Amino acid sequence: KTMLWRLARGSLPDLVFAADDFIAQGVLSAFAAHGICVPEDVKMVVWANRGFGPVAACSFTRMEMDPFRHGQLVSSCILDCLSTGRKPKNITLGPDYIIGESFG
């Protein structure tokens, strides 16, 4: 609502964060329809799944998850726990922060 309110009054936010790949594509489509360019007019950071993130002329600064790697790790831990009874320790499934051209 805040960004729409600002756009209606002719001003742009400094930064837009898109919480998933589909929202990012929607924001980019809306920006393109209004001649707004990333990163020249608005900086942008996205949450992306590896291999599925938004596509644009510049690379995106993003929090990137790798669903295939994370899925393999989780399933390996579950299978190991079921076969040995040992619970996994120190497993981290956090995203990677990748700096792109959309926000330095």
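**Exercise 1.** Work out what share of the chain's residues is buried.

Step 1: buried means under 20% relative accessible area, exposed over 50%, and partly exposed in between, with a 1.4 Å probe and protein chains only.

A quick word on the ground rules. This is a predicted model, where local features need pLDDT of at least 70 and side-chain atom pairs count only at pLDDT 80 or more, while totals for chains, interfaces and linings use all residues. Residues are numbered from 1 along each chain as its sequence is written, and side-chain values use heavy atoms, leaving out hydrogens and water.

**Exercise 2.** Count the helices and strands, then write down their order.

Step 1: look for DSSP runs, numbered from the N terminus: helices are H or I with at least four residues, strands are E with at least two. Step 3: going along the sequence, they line up as α-β-α-β-β-α-β.

**Exercise 3.** Find how many disulfides the structure has, then check C77 and C81.

Step 1: a disulfide needs a pair of cysteine sulfur atoms within 2.5 Å. Step 2: searching the whole structure gives zero. Step 3: take C77, whose nearest cysteine sulfur belongs to C81, 8.9 Å away, and which is in no disulfide. C81 is in no disulfide either. Step 4: check their cover: C77 counts as buried because its relative accessibility is 16%, whereas C81, at 26%, is partly exposed.
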